[in-house]
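Here are my notes for you, in numbered points. Keep the picture open while you read, and look up each residue as it comes along.

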Amino acid sequence: MTILVVIEHDNNTIKQSSLSTISAAKKIEDNVEAIILGKDMNSAVNDLKKCDHLKKIYTVDDKMFENPIAENLSSAIAKFIDGKDFSHILSPSTTFGKNMSPKLSALLDVQQISDITNIISSDTFERPIYAGNAIAKVRSNDKVKVITVRPTCFEPCGKNSEIDSQELVLDIDVNGNVSFVKYDQSKSDRPELTSAKIVISGGRGMQNGDNFRLLEGIADKLGAAMGASRAAVDAGFVPNDWQVGQTGKIVAPDLYIAVGISGAIQHIAGIKDSKFIACINKDEEAPIFNFSDYGLVGDLFEVLPQLEEKL
Amino acid sequence: MKALVCVKRVIDYNVKIRVKADKTGVETENVKMSMNPFDEIAVEEAVRMKEKGLIDEIIVLSIGTDKSQETIRSGLAMGGDRGILVKTDNEQIEPLNVGKIIQTICKKESPDMVILGKQAIDDDCNQTGQIVATLLGYPQATFASEVKKNDDNTIDVTREVDGGLETIRIAIPCVITTDLRLNEPRYASLPNIMKAKQKKIEVVEIQTFGIDIKNRLDILEVNEPPERKPGIKVQDVESLVNKLKNEAKIL
Ligand SMILES: Cc1cc2nc3c(=O)[nH]c(=O)nc-3n(C[C@H](O)[C@H](O)[C@H](O)COP(=O)(O)OP(=O)(O)OC[C@H]3O[C@@H](n4cnc5c(N)ncnc54)[C@H](O)[C@@H]3O)c2cc1C
Ligand SMILES: Nc1ncnc2c1ncn2[C@@H]1O[C@H](COP(=O)(O)O)[C@@H](O)[C@H]1O
């Protein structure tokens, strides 16, 4: 068995999601190889070469991979694996992997196993369904297993190695029916939401975007990432990519602090693997208290300044 | 232009899920079912495009048991023109096979745009749109938060991706999957619900497709997620900080 990991990166560094996916691959089987497609990605490749567990690295450097267009990525990877003997193809279940990996599964005529959280054996995996309110143990009967991996469920691999990479030229046509227009990256000096040790999120209870400043002071002191409930994002308080939950980002920090968030199942789905959960809510009946290790009943406008001061 | 909108009947998002005692799945008896919320957004987007004169006909498609007719009917009440039910006995057909069925329907109907939800909130697979696009060779725009038709035969789609917002331009025919902020679905008015009863739903038996719909994944068991151990309420900020420092040892 040989496993291929598709690497997510931004041409400069490889994403933490890829490090976790490599660890998941290693849990299935020792023979792990990686493919990285991009443009002018020397530093990303150097980063990848340090990753533990990899036996081989394939790089594809071409203008068409400057931006992660799923059509081009999936045809290139399908072309690469054609005639080879990969048993598993793993991608992170981030928007990158979710966009591209099912296309690969369709090209190979196999049923993808989405968002695995645990590996039982080389063909049997656990994955959450119904927003994580149930966990399905599934066995795949397909010859090649195309899988997306929930990054927060696997420790990122170390970076203590040094292996060579092999450059590939894949002769494929650029898909003419899709083109990249622009990418508005939400800028932040804070740690990434999905890999931060501490996350502090605000909900509808914050009332407006300005009030998120009350959380910022605390985030600064804790070195925390900032997140939000869907209600806060929908109301335009904060950017879309702050949304935590079933259909937003899944986080699993050491500490998650929910402020003015009621604790709807869709929100809980994104936080329940956190080591500790603390919440601040003025309604003592709010469901969030059932999921919190430490719950503080109180008005966030009084509590937050006190908390900032005490930290 | 013609739009095909795919709608799945799922357990309503407000229902508290119960895992069956024999671990074969979750309880669906006497449980409220609704249209998958992302599919409501898909229907709404098609209806808005029709109201702007960009689309002439909206077909609402579901693959499922007879009961999925209700789901299609809700889509018609929101503004769909006609429905297609691909009827099966199997409640849970896997995305790959759903994709193949949608592909076959597309060959017959030749829609300019196939709109699906980004994710069904029962299986949480997030695959079907991408599979349909691949099988048909149409470009895809997943996780759409804004869809803008250009004067030529292209569409600009803003996509919700992990680090922000990405915009891509795709040629028609195409596949779009909806994210939460694309629009806010309307409630069907009573007159429209009445009108929808007259709209046609074509029922096709799945056997006629000649597609092997056998599942590729065996569900060995379905379990309750591990419970979090019950927490406590703290009296004030001071004791919260104390707990975080001394008990959780995080600060
Ligand atoms: C298909 C689907 C997918 C979804 N996906 C997600 C998802 O990924 N993530 C997500 O978060 N949601 C998601 N939702 C939405 C979810 O169901 C809830 O609507 C949402 O999480 C509610 O956000 P909230 O807790 O901020 O708002 P509310 O439920 O309105 O709660 C606000 C809370 O703030 C408290 N509060 C108000 N004022 C104060 C104050 N001054 N001090 C202290 N506390 C105060 C209130 O007591 C209340 O508990 C999804 C829904 C659907 C249908
Ligand atoms: N049985 C079905 N009938 C109609 N549409 C479906 C069906 N299953 C999935 N879909 C569509 O595919 C989307 C994504 O589903 P999934 O890939 O299962 O998460 C849904 O939001 C629907 O639009």
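1. Let's begin with a word that keeps coming back: contact means heavy atoms within 4.5 Å. With that in hand, take the contacts in chain B between residues at least 6 apart in sequence: 68% of them join residues at least 24 apart.

2. Some ground rules. This is a predicted model, where local features need pLDDT of at least 70 and side-chain atom pairs count only at pLDDT 80 or more, while totals for chains, interfaces and linings use all residues. Residues are numbered from 1 along each chain as its sequence is written, chains are lettered from A and ligands numbered from 1 in the order in which they are written, and side-chain values use heavy atoms, with hydrogens and water left out.

3. Now chain B as a whole. It has 6 helices and 13 strands; helices (H or I, at least four residues) and strands (E, at least two) are DSSP runs, numbered from the N terminus. Along the principal axes, the C-alpha atoms of chain B fill a box of roughly 65 × 45 × 40 Å. Of its 251 residues, 57% count as buried. Buried means under 20% relative accessible area, exposed means over 50%, and partly exposed lies in between (1.4 Å probe, protein chains only).

4. How many of the residues of α4(B) are buried? The count is 8 of 9, which leaves this helix mostly covered. The buried ones are T128(B), G129(B), Q130(B), I131(B), V132(B), A133(B), T134(B) and L136(B). They pack against α4 (95-108) of chain A, and also against α3, β6 (113-117), β7 (140-149) and β10 (174-178) of chain B. Just after the helix, G137(B) takes a positive phi of about 70°.

5. Helix α3 (residues 95-109) of chain B packs on helix α4 (residues 128-136) of chain B at an angle of about 50°, and their axes are 8 Å apart. Axes are lines fitted to C-alpha atoms, for helices over the stretch in contact, and angles run from 0 to 180 degrees between N-to-C directions. The two helices are therefore oblique to each other: angles under 35 degrees count as roughly parallel, over 145 as roughly antiparallel, 65 to 115 as roughly perpendicular and the rest as oblique. On the α3(B) side, the contact includes P95(B), L96(B) and V98(B), and on the α4(B) side it includes T128(B), I131(B) and V132(B).

6. Next, go across to the other chain. α4(A) and α4(B) pack at about 50°, with axes 8 Å apart. That angle makes α4(A) oblique to α4(B). Among the residues that meet are K98(A), N99(A) and P102(A) in α4(A), and Q130(B), I131(B) and A133(B) in α4(B).

7. Inside chain A, α4(A) has another partner: helix α3 (residues 70-81) of chain A, whose axis comes within 9 Å of the axis of α4(A) and crosses it at roughly 45°. So α3(A) and α4(A) are oblique to each other too. The residues that meet include A70(A), E71(A) and L73(A) in α3(A), with F96(A), N99(A) and M100(A) in α4(A).

8. Where is S17(A) found? Look in helix α1 (residues 16-28) of chain A. S17(A) is buried, because its relative accessible area is 9%. Leaving aside neighbours within four places in sequence, S17(A) is in contact with E8(A), P92(A), T94(A) and P151(A). S17(A) and T152(A) are 135 residues apart in sequence, yet 8.0 Å apart in space, C-alpha to C-alpha.

9. Time for some rings. Those of Phe, Tyr and Trp (its six-membered ring) pair if their centres lie within 6.5 Å; planes under 30 degrees apart count as stacked, over 60 as edge-to-face and the rest as tilted. By this rule there are 5 aromatic pairs over all chains. F212(A) and W242(A) make an edge-to-face pair, 6.2 Å centre to centre with 65° between the planes. The pair links distant parts of the chain, 30 residues apart: F212(A) is in the loop between β12 (198-202) and α5 (213-222) of chain A, W242(A) in the loop between α6 (230-234) and β14 (255-259) of chain A. F212(A) counts as buried at 2% relative accessibility, and W242(A) is buried at 19%. Elsewhere, ring pairs link Y58(A), F80(A) and F86(A) into a cluster.

10. Finally, charges over rings. A charge sits over a ring if NZ of Lys or CZ of Arg is within 6 Å of the ring centre and within 35 degrees of the ring normal. K118(B) lies over the face of F143(B), 5.7 Å from the ring centre. K233(B) lies over the face of F289(A), at 4.8 Å from the ring centre.
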